[in-house]
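Trainee: Could you take me through a few side-chain features of a structure and show how each is read?
Mentor: Gladly; let us look at the structure and then take the features in turn.

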Amino acid sequence: ARPQVQVFDAAGAAAGQVALPTVLTAPIRSDVVQFVHTNMNKNRRQAYAVSPLAGHQTSAESWGTGRAVSRIPRVGGGGTHRSGQGAFGNMCRSGRMFAPTK
């Protein structure tokens, strides 16, 4: 026989008894509890990524070979410290990161 549990009305007074559902008498499986807990915790994660344009918002072009500098693309123009600086690469200041997060 299944255990009996008391039922209460809205006022809080005992209104009767019903049999406990069979599923509630089953033993608790720790592997199922761990699986559910792990996957419910994943709902709290927040997205993170860099902008797809980050590190590519400049009109840099490679100078090619023969200038005794590396072949990394360089910012064009003149009249500013930024002109001639390396761009785009992950080793460059203000360049994009290696393998950008999505």
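**Reading side-chain features**

Mentor: Keep in mind throughout that this is a predicted model.

Trainee: Which side chains meet in a salt bridge?
Mentor: By the rule used here the count comes to one salt bridge, and the partners are R29 and D31, whose side chains meet at 2.8 Å, N to O. D31 has a relative accessible area of 42%, and is therefore partly exposed.

Trainee: How should I read aromatic rings, and how many aromatic pairs does the structure hold?
Mentor: A pair of rings is described by the distance of the centres together with the angle of the planes. In this case there are zero aromatic pairs to describe.

Trainee: Which residues lie over the face of W63?
Mentor: R67 lies over the face of W63, at 4.8 Å from the ring centre, and R74 also lies over the face of W63, at 5.2 Å from the ring centre.

Trainee: Which residues make the nonpolar surface patch?
Mentor: V32, F35, V36 and M40 make the patch, which covers about 390 Å². Of these residues, V36 is found in helix α1, residues 30–41, and V36 counts as partly exposed because its relative accessibility is 39%.

Trainee: Is S83 buried or exposed?
Mentor: Buried means under 20% relative accessible area, so S83, at 19%, counts as buried. S83 is found in the segment after β4 (73–74), and, leaving aside neighbours within four places in sequence, S83 is in contact with V75, G76, G77 and G78.

Notes:
Residues are numbered from 1 along each chain as its sequence is written. This is a predicted model: local features need pLDDT of at least 70, side-chain atom pairs count only at pLDDT 80 or more; totals for chains, interfaces and linings use all residues. Side-chain values use heavy atoms; hydrogens and water are left out. Helices (H or I, at least four residues) and strands (E, at least two) are DSSP runs, numbered from the N terminus. Buried means under 20% relative accessible area, exposed over 50%, partly exposed in between (1.4 Å probe, protein chains only). Contact means heavy atoms within 4.5 Å. Patches are made of residues with over 30% relative accessible area and no salt bridge: like charges are joined within 9 Å, nonpolar side chains (Val, Leu, Ile, Met, Phe, Trp, Tyr) within 5 Å. Accessible areas come from the Shrake-Rupley method with a 1.4 Å probe; for residues, only the protein chains shown count as cover. A salt bridge is a side-chain nitrogen of Lys or Arg within 4 Å of a carboxyl oxygen of Asp or Glu. Rings of Phe, Tyr and Trp (its six-membered ring) pair if their centres lie within 6.5 Å; planes under 30 degrees apart count as stacked, over 60 as edge-to-face and the rest as tilted. A charge sits over a ring if NZ of Lys or CZ of Arg is within 6 Å of the ring centre and within 35 degrees of the ring normal.
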